[in-house]
Amino acid sequence: MADLSVVVDGLKLPNPFVIGSGPPGTNANVIGKAFDENWGAVICKTVSLDASKVVNVAPRYARMRAQGTKEVIGWQNIELISDRSFEVWEDEFKKIKDKYPDRILIASIMEEYNKDAWIEIVERCQACGVDAFELNFSCPHGMPERKMGAAMGQDPELLEEVCGWVNQAATIPVWAKMTPNITHIEDPARASLKAGCQGIAAINTILSVMGVNLETLRPEPTVEGYSVPGGYSCKAVRPIALRMVMELATMMYGNETHEGEYKDRSLSAIGGVETGEDAAQFILLGASTVQVCTGVMIHGYKMAGRMCEELSAFMDKHNFKTIEDFRGHSLQYFTTHADLVQRQKNAKAEKKAAKEGMVTKDTAWEGDKFVEQSNKLVSNDD
Ligand SMILES: Cc1cc2nc3c(=O)[nH]c(=O)nc-3n(C[C@H](O)[C@H](O)[C@H](O)COP(=O)(O)O)c2cc1C
């Protein structure tokens, strides 16, 4: 049986499946449930020092179903970060680490553009025994007026400065979580890595408007008749997440034509994962760990067991013994469009030559047809 364990930035995980920041990691009770169901690690719901500014609304979710079925394929939320006080979180971080000392608990943190606040939150979380940080530079809604979340993550210069503050104070690994609401996701990732972050996590939700109700003419989700654009997640976003993870991995680790810029840093993939096969695709594109958020809201915590079995079956089929055996394997198959055209041209020419019995490679020579094959290669046979 395949070995699913992962060592990333010195953190030891029993498997690569990580609870992504959001409702599935929103208090000690559900985080404990995730560890009991053998999730590889948990990233808590994003916390900040002053939760009094966080006021959530209801309803705050809207779903997209596949036509004619109950299957949920897209999910929009207008939820903010945790509305629970930082002191309560400190207490819960300690209790979780006391109960699960060997399991990996990652604190997702977010602050305004204020050096003292970032340093304080880092130091206080570290004092509670958390194993790593994920910096939320990516929540697309609710916080731009305070220059938090994606508003910060879309500005590489600002990001480099803030990551510098965090890395000065942090004594444990730091991952920077990227927003997909940007043209070149490599730019903010590069800025975070340059400032010393150990890893990149991508993607957060995609800014979206789920729809307009054709009876009431009001956008969804509707709160007292009004709405705001929200964050889109679930399996519909997976192709976009795969593309962005591929771009990040190519920048960090390199491929046939591009020298990697940060080969010793880690990549945690997020976006629409619900099966072991989904996870395998992200790992093939360079991710060491794979996060799940909306999937848990739809299928529950037990899905970790199923996903481990599915990933293990994929690995057995290809005879991969460890996650490292296939991590990043498929990056080599991305190229330019011009190269695709050239490859197709070459393949056609080879096929035509083979059809005409023309030898184009030395391996094609055959003893019984040797003279005939030689004759076919002569250009001027008078
Ligand atoms: C309801 C909800 C709340 C979320 N809250 C947070 C959050 O507090 N911090 C954060 O970094 N990401 C948050 N996310 C984003 C997820 O962690 C994840 O990046 C995104 O949903 C894509 O992954 P998925 O398709 O597995 O959900 C939230 C997502 C949802 C659906």
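Modeller: Happy to! Let us start with Asn38, which sits in the loop between α1 (28–36) and β4 (41–43). Helices (H or I, at least four residues) and strands (E, at least two) are DSSP runs, numbered from the N terminus. This is a predicted model: local features need pLDDT of at least 70, side-chain atom pairs count only at pLDDT 80 or more, and totals for chains, interfaces and linings use all residues. Residues are numbered from 1 along each chain as its sequence is written.

Colleague: Why does Asn38 count as partly exposed?

Modeller: A residue is buried if 20 or more other C-beta atoms (placed from the backbone) lie within 10 Å of its own, exposed if 12 or fewer, and partly exposed in between. Asn38 has 15 C-beta neighbours inside 10 Å, so Asn38 counts as partly exposed.

Colleague: And what is the phi of Asn38?

Modeller: Phi of Asn38 is near 70°, a positive value in a residue other than glycine. Most residues other than glycine have a negative phi.

Colleague: Why is Asp9 called partly exposed?

Modeller: The rule gives the answer again: Asp9 counts as partly exposed because it has 18 C-beta neighbours inside 10 Å. Asp9 lies in the loop between β1 (6–8) and β2 (11–13), and its phi is positive too, about 50°.

Colleague: What makes helix α8 mostly covered?

Modeller: In α8 (residues 276–284), 8 of the 9 residues are buried. Among them are Phe282, Ile283 and Leu284. The cover of these buried residues includes α7 (238–253) and α10 (303–318), where contact asks for C-beta atoms, placed from the backbone, within 7 Å.

Colleague: How do you know that β10 and β15 pair?

Modeller: Two strands pair if DSSP finds at least two bridges between them. Strands β10 (residues 199–202) and β15 (residues 266–270) are joined by 4 bridges and run parallel, so they meet that rule. In one of the bridges, Ala201 has Ser268 as its partner.

Colleague: Which strands close into the barrel?

Modeller: The 8 strands follow the order β3-β4-β7-β8-β9-β10-β15-β16, with parallel pairing.

Note on methods: Two residues are in contact if their C-beta atoms, placed from the backbone, lie within 7 Å.
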